[in-house]
Amino acid sequence: MASIELNGKSYEVDEEGYLANLNDWDEDIAKEMARLDGAELTDAHWEVINFLREYYDEYQIAPAVRVLTKAIGKKLGKDKGNSKYLYELFPYGPAKQACKYAGLPKPTGCV
Amino acid sequence: MSTVKKFLFLNRKAPYGTIYALESLEVVLISAAFEQDVSMAFVDDGVYQLLKGQKTDGIGMKNFSPTYSALGDYDITRLYVEKESLEARGLTVDDLMDLKWEDEDDDWAEKDSIIVVSSAELADIMEQQEVILSF
């Protein structure tokens with residue numbers, strides 16, 4: 001299994017770069033994963049990442065993008081609950097990319 | 001582009017011990033992501049999947065019961081539970097999780113997802129489906 005080395009810690013990841021172990025997650029690894037993708041995490045990114053972690057904690061799944069969009073709209077406001085806003089933050093696909101930085105598995109139904 | 005079909009996922013087995021319940025739930029979430037008309041039915045030991053207060057620490061498996069609460073977000077709003085199966089196991093609807101969905105067309109009113117039906121009513125519901133997948 002592949003891994004990402006950071007600050008003397010080793011984070012196991014699967015073949016697509018998702019964390020193998022949810023409990024390994026910390027903010028540093030999220031920033032490092034973004035850096036490897038050539039992205040920088042702003043407060044707007046963190047808002048979505050933290051939302052996803054809370055969602056997973058409550059429901060034990062990573063939401064599909066349609067569900068994520070609706071739920072973000074409800075929680076953070078209509079101006080954020082649309083795919084344009086989310087795709088600007090996470091151009092590789094909001095559910096896919098944001099879940100990766102949040103240390104969650106790839107969303108169910110995401111191919 | 002694509003046609004919406006009526007899917008019913010029929011669940012007959014207890015949640016743990018076999019992989020059927022978890023696999024069913026995953027396929028349900030996938031089919032809903034493709035915007036199909038999805039409902040679920042719980043009969044026989046399948047009714048145990050919806051029990052409140054599941055604890056799986058002792059068997060080393062993930063407790064996936066919280067995921068049923070997310071079904072409403074996926075527009076899966078009809079979870080049929082067979083009355084006879086509940087009764088045969090000494091259960092009532094109060095032993096099951098309080099699953100809700102929010103009706104966007106009714107000012108986000110919370111509505112019950114679980115619908116207890118008799119065996120005969122369930123047969124009628126099954127009659128109306130285009131696809132039935134049994135787990």
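Let's start with two strands of chain B in this predicted model: strand S2, residues 37-42, and strand S3, residues 79-82, pair in the parallel sense over three bridges.

S2 and S3 belong to an open sheet of five strands in chain B, in the order S6-S3-S2-S1-S7, and the pairing is parallel. At the edges you'll find strand S6 (114-117) and strand S7 (131-134), each of which pairs on one side only. Going from one strand to the next, the twist averages 25°.

Helices of chain B sit against this sheet. Helix H1, residues 20-33, packs on the sheet and touches strand S1 (6-11) and S2, with its direction at about 170° to that of S1(B). Helix H3 of chain B, residues 119-127, lies across S1, S2, S3, S6 and S7, and runs at about 140° to S3(B).

Next, hop over to chain A for a pair of helices. There, helix H2 (residues 43-59) packs with helix H3 (residues 65-76) at an angle of about 110°, and their axes are 11 Å apart. Because angles of 65 to 115 degrees count as roughly perpendicular, H2(A) is roughly perpendicular to H3(A). From H2(A), the contact uses Glu47(A), Val48(A), Phe51(A) and Tyr55(A), while H3(A) brings Ala71(A), Ile72(A), Lys75(A) and Leu76(A). Sort these residues by class and you get six nonpolar, two charged and no polar.

Finally, how do the chains meet? The contact takes 12 residues from chain A and 12 residues from chain B. On chain B's side, seven are nonpolar, three are charged and two are polar.

Technical notes: Residues are numbered from 1 along each chain as its sequence is written. Chains are lettered from A and ligands numbered from 1 in the order in which they are written. This is a predicted model: local features need pLDDT of at least 70, side-chain atom pairs count only at pLDDT 80 or more; totals for chains, interfaces and linings use all residues. Two strands pair if DSSP finds at least two bridges between them. Helices (H or I, at least four residues) and strands (E, at least two) are DSSP runs, numbered from the N terminus. Axes are lines fitted to C-alpha atoms, for helices over the stretch in contact, and angles run from 0 to 180 degrees between N-to-C directions. Two residues are in contact if their C-beta atoms, placed from the backbone, lie within 7 Å. Ala, Val, Leu, Ile, Met, Phe, Trp, Tyr, Cys and Pro count as nonpolar, Asp, Glu, Lys and Arg as charged, and the others, Gly among them, as polar. Angles under 35 degrees count as roughly parallel, over 145 as roughly antiparallel, 65 to 115 as roughly perpendicular and the rest as oblique.
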